[in-house]
Amino acid sequence: NAADPRLAPEHRRLVELTHRPVPVAELAAELDLAVGVVRVLLGDLLARGLIAVHEPLSMSAIPDDDILKAVVSGLRAL
């Protein structure tokens with residue numbers, strides 16, 4: 001819970017910011033902290049069960065350029 005008084009202000013802010021999947025770099029920029037520091041803070045929150053971690057999409061899950069070009073071409077034809 002973000003309102004937990006035992007959490008440091010940085011921890012509370014991270015809980016507020018992570019209600020949707022957010023890249024660690026974006027969180028670091030928002031808090032004006034180093035990425036390494038944010039990773040440690042996120043580790044603390046993960047250990048307490050206050051956040052979940054989602055792996056980024058693998059490159060194989062992203063359509064290749066030929067498919068994207070075909071979609072764009074099809075949309076332009078409309």
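**A salt-bridge network and its surroundings**

A: Arg 13 and Glu 16 sit in helix 1, 3 residues apart, which is about one turn of the helix (helices are DSSP runs of H or I with at least four residues, strands are runs of E with at least two, and both are numbered from the N terminus). An α-helix has 3.6 residues a turn, so residues three or four places apart point the same way. Before we go on, please keep in mind that this is a predicted model, in which local features need pLDDT of at least 70 and side-chain atom pairs count only at pLDDT 80 or more, while totals for chains, interfaces and linings use all residues. Residues are numbered from 1 along each chain as its sequence is written, and side-chain values use heavy atoms, with hydrogens and water left out.

Now to the pair itself. Arg 13 and Glu 16 form a salt bridge, with 3.3 Å between their closest N and O atoms (a salt bridge is a side-chain nitrogen of Lys or Arg within 4 Å of a carboxyl oxygen of Asp or Glu). Arg 13 is partly exposed, at 31% relative accessibility, and Glu 16 is partly exposed at 45% (buried means under 20% relative accessible area, exposed over 50%, and partly exposed in between, with a 1.4 Å probe and protein chains only).

Taken together, Arg 13, Glu 16 and Glu 30 are linked in a network of salt bridges.

The whole structure has 3 salt bridges, and one of them joins Glu 26 to Arg 20, with the closest N and O atoms 3.3 Å apart. Glu 26 is partly exposed at 39% relative accessibility, and Arg 20 is partly exposed at 49%.

Asp 32 has a positive phi of about 55° although it is not a glycine. Asp 32 is also exposed, with a relative accessible area of 70%. By contrast, Asp 4, in the segment before helix 1, is buried, with a relative accessible area of 16%. From Asp 4 to Glu 30 there are 26 residues in sequence and 21 Å in space, C-alpha to C-alpha.

Let us step back to the whole protein chain. Its secondary structure comes to 4 helices and 0 strands, in the pattern α-α-α-α along the sequence. The C-alpha atoms fill a box of roughly 60 × 25 × 20 Å, taken along the principal axes. The radius of gyration of the protein chain is 18 Å, whereas a compact globule of 78 residues would have one near 12 Å (taken over C-alpha atoms, with a globule rule of 2.2 Å times the number of residues to the power 0.38). Of the 78 residues, 21% are buried. Among contacts between residues at least 6 apart in sequence, 36% join residues at least 24 apart.

A last stop is helix 4 (residues 65-77), where Val 71 lies. Val 71 is partly exposed, with a relative accessible area of 45%. Together with Ile 67, Leu 75 and Leu 78, Val 71 makes a nonpolar surface patch of about 450 Å² (patches are made of residues with over 30% relative accessible area and no salt bridge, like charges being joined within 9 Å and nonpolar side chains, namely Val, Leu, Ile, Met, Phe, Trp and Tyr, within 5 Å).

Definitions and conventions:
Areas by Shrake-Rupley, 256 points an atom, 1.4 Å probe, with all protein chains shown as cover. Contact = heavy atoms within 4.5 Å.
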